[in-house]
Amino acid sequence: MTGEPCTLPVVRGSSVSARRAGAECTLLYQADSGRERRLNGTGTFIWERLDGMRSLDEIAGDMVGAFDGVDAESAARDVQALAAELLAQRFVEPAPCGAVPPITQIELDDAPKQVDVSITGLCNAACSYCFYA
């Protein structure tokens with residue numbers, strides 16, 4: 001290992017869910033560890049591009065074009081630092097060789113906010129002939 005920053009692609013973790021909270025904030029939840037993380041607008045920009053198809057250098061290049069006053073060196077440093085943190089916290093993982101692009105990404109603002117499931121041996125219909133009532 002040379003000690004140089006990793007610029008290889010990483011991909012969002014399979015057990016990580018993300019939800020947009022406001023215009024420039026994303027909340028991450030790592031289900032395996034129960035860990036949560038909040039990303040600001042810059043972090044959200046990077047997170048949305050961690051699809052396993054782009055290298056960290058390509059994402060840094062996208063940042064230079066999208067944000068005013070950001071130079072290539074600071075963008076690369078910021079992308080690499082966030083990727084290293086997310087990798088250490090298991091929010092992302094190294095992209096597998098020959099990664100394929102994700103099929104679709106669900107618009108998280110339209111996703112259900114909460115689901116309650118109750119499993120019982122009783123039916124709410126209470127039919128007089130049914131042994132489940």
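A nonpolar core is a set of buried Ala, Val, Leu, Ile, Met, Phe, Trp, Tyr and Cys residues joined through side-chain atoms within 4.5 Å; buried denotes under 20% relative accessible area, exposed over 50%, and partly exposed in between (1.4 Å probe, protein chains only). The model is predicted, so local features need pLDDT of at least 70 and side-chain atom pairs pLDDT 80 or more, while totals for chains, interfaces and linings use all residues. Residues are numbered from 1 along each chain as its sequence is written, and side-chain values use heavy atoms, without hydrogens or water.

**View A. The largest nonpolar core has 21 residues.** Leu28, Ile46, Trp47, Leu50, Leu56, Val79 and Leu86 touch the most other members. Two or more residues each come from strand E2 (16-20) and helices H1 (41-47), H2 (56-66) and H3 (72-88); these are DSSP runs numbered from the N terminus (helices: H or I, at least four residues; strands: E, at least two). H3 gives the most, with 6 residues.

**View B. Arginine 37 and glutamate 85 form a salt bridge.** A salt bridge places a side-chain nitrogen of Lys or Arg within 4 Å of a carboxyl oxygen of Asp or Glu; here the closest N and O atoms are 2.8 Å apart. Arginine 37 lies in strand E4 (residues 35-39) and glutamate 85 in helix H3, so the pair ties together parts 48 residues apart in sequence. Arginine 37 is buried (19%), whereas glutamate 85 is partly exposed (37%).

**View C. Arginine 49 and aspartate 62 form a salt bridge.** The closest N and O atoms are 3.8 Å apart. Arginine 49 lies in the loop between H1 and H2, and aspartate 62 in helix H2. Salt bridges that share partners join Arg20, Glu48, Arg49 and Asp62 into one network.
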